[in-house]
Amino acid sequence: MRQITACLAICVGLAMLPSMGYAKGCLKGAAVGGVVGHVAGHHAVLGATAGCVIEHHREKVKDKAARQNAQAQNGPAANAAAHNGDRNDAK
């Protein structure tokens with residue numbers, strides 16, 4: 001019974017990996033949180049979960065600040081041109 005439960009847990013974890021790929025910072029946070037949770041009393045899974053959530057939040061804040069910084073550097077004239085469809089972005 002333990003082998004079936006362990007196999008099921010591993011399969012569910014591997015099935016969730018593709019969806020976790022979009023979460024910036026989650027893997028790094030989960031690794032650090034897992035180690036800290038293990039050292040703090042054998043709570044590696046709880047630590048990994050908390051690390052993933054915290055690091056994902058930090059990445060979102062950093063991305064938002066970068067977008068606001070880029071928008072502030074472009075100025076209001078670039079924003080007006082973008083809203084009018086007059087962008088000349090090289091793609």
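Visitor: Which residues are linked in a network of salt bridges?

Guide: This is a predicted model, in which local features need pLDDT of at least 70, side-chain atom pairs count only at pLDDT 80 or more, and totals for chains, interfaces and linings use all residues. Residues are numbered from 1 along each chain as its sequence is written, and side-chain values use heavy atoms, with hydrogens and water left out. A salt bridge here is a side-chain nitrogen of Lys or Arg within 4 Å of a carboxyl oxygen of Asp or Glu. The residues linked in a network of such bridges are Lys-28, Glu-55 and Arg-58.

Visitor: How many helices and strands are in the chain?

Guide: Helices (H or I, at least four residues) and strands (E, at least two) are taken as DSSP runs, numbered from the N terminus. Read from that end, the order of elements is α-α-α. The count is three helices and zero strands.

Visitor: What parts do Lys-28 and Glu-55 tie together, and how many residues apart in sequence are they?

Guide: The side chains of Lys-28 and Glu-55 form a salt bridge at 3.5 Å, N to O. Lys-28 belongs to helix α2 and Glu-55 to helix α3, so the pair connects parts of the chain whose separation in sequence is 27 residues.

Visitor: Is Glu-55 buried or exposed?

Guide: Buried means under 20% relative accessible area, exposed over 50%, and partly exposed in between (1.4 Å probe, protein chains only). Glu-55 has a relative accessible area of 13%, so the residue is buried.

Visitor: What separates Arg-58 and Glu-55 along helix α3?

Guide: Their side chains meet in a salt bridge of 3.9 Å, N to O. An α-helix has 3.6 residues a turn, so residues three or four places apart point the same way. Because Arg-58 and Glu-55 are three residues apart in helix α3, the separation is about one helical turn.

Visitor: Which residue meets Glu-59 in a salt bridge?

Guide: Glu-59 lies in helix α3, residues 44-84, and its relative accessibility of 13% makes it buried. The N to O distance is 3.6 Å, and the partner is Lys-62.

Visitor: Which residues is Glu-59 in contact with, leaving aside its neighbours within four places in sequence?

Guide: Contact means heavy atoms within 4.5 Å. With the neighbours within four places in sequence left aside, Glu-59 is in contact with Lys-24 and Gly-25.

Visitor: Which residues form the disulfide, and what is its hand?

Guide: A disulfide is a pair of cysteine sulfur atoms within 2.5 Å, and the structure holds one. Cys-26 and Cys-52 form it, with their sulfur atoms 1.7 Å apart. Cys-26 lies in helix α2 (residues 26-39) and Cys-52 in helix α3, so the pair ties together parts that are 26 residues apart in sequence. The torsion about the S-S bond of Cys-26 and Cys-52 is about -95°, so the disulfide is left-handed.

Visitor: Where on α2 do its buried residues fall?

Guide: The buried residues of α2 are Cys-26, Gly-29, Ala-30, Gly-33, Gly-34 and Gly-37. Seen down the axis, they fall within an arc of 130°, the arc being that of the directions from the helix axis to the C-beta atoms. They therefore line one face of the helix.

Visitor: Which exposed residues does the face of α2 turned away from its buried side carry?

Guide: α2 has 14 residues and reaches 20 Å from its first C-alpha to its last, close to the 20 Å expected at 1.5 Å a residue, where the expected span is 1.5 Å times one less than the number of residues. The face turned away from the buried side carries the exposed residues Lys-28, Val-32, Val-35, Val-36 and Val-39.

Visitor: What percentage of the residues in the chain is buried?

Guide: The chain exposes about 7,600 Å², of which carbon and sulfur atoms supply 64%; accessible areas come from the Shrake-Rupley method with a 1.4 Å probe, and for residues only the protein chains shown count as cover. Of the 91 residues in the chain, the buried ones make up 14%.
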